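Student: Can we go through this model together? I'd like to start with the ligand site.

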Amino acid sequence: MNAPVSVETTPRRLEAASAILFEKVEKTYSGRHGQNPVTALSDISLAVPEGAIVGVIGRSGAGKSTLIRLVNGLEQPTAGRVVVDGVDIGALSEQALRGQRRAIGMIFQHFNLLARRTAYANVALPLEIAGLPQREIKSRVEPLLELVGLADKRDRYPAELSGGQKQRVGIARALATQPRVLLSDEATSALDPETTNQILALLRKVNAELKLTVLLITHEMAVIKAVADKVAVIDGGRIVEEGSTYEVFAHPRHATTRSFLSALTGANLPPYVADRLKAEPGPGRDALIRIVFTGGHATDPVLSRVARLLSVDINIIQAQVDEIAGRPFGVIVISVPGDAPTLSAVTNAVERLKLSSEVLGYV
Ligand SMILES: Nc1ncnc2c1ncn2[C@@H]1O[C@H](COP(=O)(O)OP(=O)(O)OP(=O)(O)O)[C@@H](O)[C@H]1O
């Protein structure tokens, strides 16, 4: 017998497959003390699929914290709905909201640990508040400390732990109530790059092992690249671009996304180039072009073909093959003479080869 055909409408199907769903959300803070109201978020529609890691990236003031505070009911939307695990957060009573918050874990930039409690006691706290007996608390906390790699630090106080270790305690504490969703508010912003990578690897591990949905906010594209399946770029309270991380990295459409990506590339440029980079062309200046290779393009033949075809000198400034979501992703930065006719001939030729390119600036 054939399985029944689903006739669900699109919005309902989305809701069923989404751990978090923002539907046309607006948030306006009413102005206090005679100040004007501030619209922090406008027309936000975003689906966070169950089991996915979704990153929201934006500059300071873009509305990231507001977005995340709507998920755990610390703020209420002015219009629209925020649905978590099928529950409309805005429609809950204060008591129901307290229960719902147990299904949502949260980690913070500054860890928010209690200084007078050991690692073990910090992780145990939400379970004590929920009124669990000590034996059950122990049976939950010990495996969590094991999971985050801190079994040997269980009796240490926060002051005796490194930043990365403190965030591991923060993650274990967030997982103590066995949430289905984890919210991460700039969780690696206070950490050095190596520790950041370790914490992001831990987030991937808990996402995979516990089938946990993760919504993270960040201002760093490197974080998105390392961990997110899907990304939304937020600017001035609106989502200006959204898609799979791979597609957004390969074919960024919005200027804000491009600028986040060039900050990432810029950080990798050799200092002698980065220091001289100018936004405008000028006499004798070369243009720096970032070309993205996805799939099986071999970089050398492509570049030498462009060079021969147009008889221009091409210098390779930087070349790197990376992996995003398990797929190869190459970025090459070249310099070519920066006069307008040469530049447009090169970018047109690159486009004809179906590669995406972007002028980073002039040196
Ligand atoms: N409680 C509040 N009352 C009034 N305005 C607020 C309030 N909270 C945030 N805002 C305003 O809303 C806008 C978005 O702020 P939000 O904190 O969400 O941004 P953000 O992207 O998280 O910034 P940051 O990265 O600096 O934390 C800003 O203009 C901010 O000034």
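Tutor: Terms to begin with. Helices (H or I, at least four residues) and strands (E, at least two) are DSSP runs, numbered from the N terminus. A residue is near a molecule if its C-beta atom, placed from the backbone, lies within 6 Å of it. This is a predicted model: local features need pLDDT of at least 70, side-chain atom pairs count only at pLDDT 80 or more, and totals for chains, interfaces and linings use all residues. Residues are numbered from 1 along each chain as its sequence is written.

Student: Which residues surround the ligand?

Tutor: Tyr29, Val38, Ala40, Gly58, Ser60, Gly61, Ala62, Gly63, Lys64, Ser65, Thr66 and His219. Strand S2 (38–49) and helix H2 (64–71) are the elements that give two or more residues to this shell.

Student: Which element gives the largest share?

Tutor: H2, with three residues.

Student: How many of the shell residues are nonpolar, polar and charged?

Tutor: Four are nonpolar, seven polar and one charged. Ala, Val, Leu, Ile, Met, Phe, Trp, Tyr, Cys and Pro count as nonpolar, Asp, Glu, Lys and Arg as charged, and the others, Gly among them, as polar.

Student: New topic. How is the chain divided?

Tutor: Into domain 1 (10–251) and domain 2 (269–362). The bounds come from an automatic or database domain assignment. Their centres, taken over C-alpha atoms, are 37 Å apart.

Student: How many residues from each domain make the contact?

Tutor: Seven from domain 1 and seven from domain 2. Contact puts two C-beta atoms, placed from the backbone, within 7 Å. On the domain 1 side, helix H9 (residues 245–250) supplies the largest share, four residues.

Student: Now the core. Which residues touch the most other members of the largest nonpolar core?

Tutor: Val71, Val84, Val123, Ala172 and Leu215, out of 74 residues. S2 gives the most to this core, six residues. A nonpolar core is a set of buried Ala, Val, Leu, Ile, Met, Phe, Trp, Tyr and Cys residues joined through C-beta atoms within 7 Å. Buried is 20 or more other C-beta atoms within 10 Å of a residue's own, exposed is 12 or fewer, and partly exposed is in between, with C-beta atoms placed from the backbone.

Student: What does Val84 contact, leaving aside neighbours within four places in sequence?

Tutor: Ala19, Ile20, Val71, Ile89, Ile104 and Val181.

Student: And why does Leu97 count as partly exposed?

Tutor: Because Leu97 has 16 C-beta neighbours inside 10 Å. Leu97 is found in helix H3 (residues 94–101).
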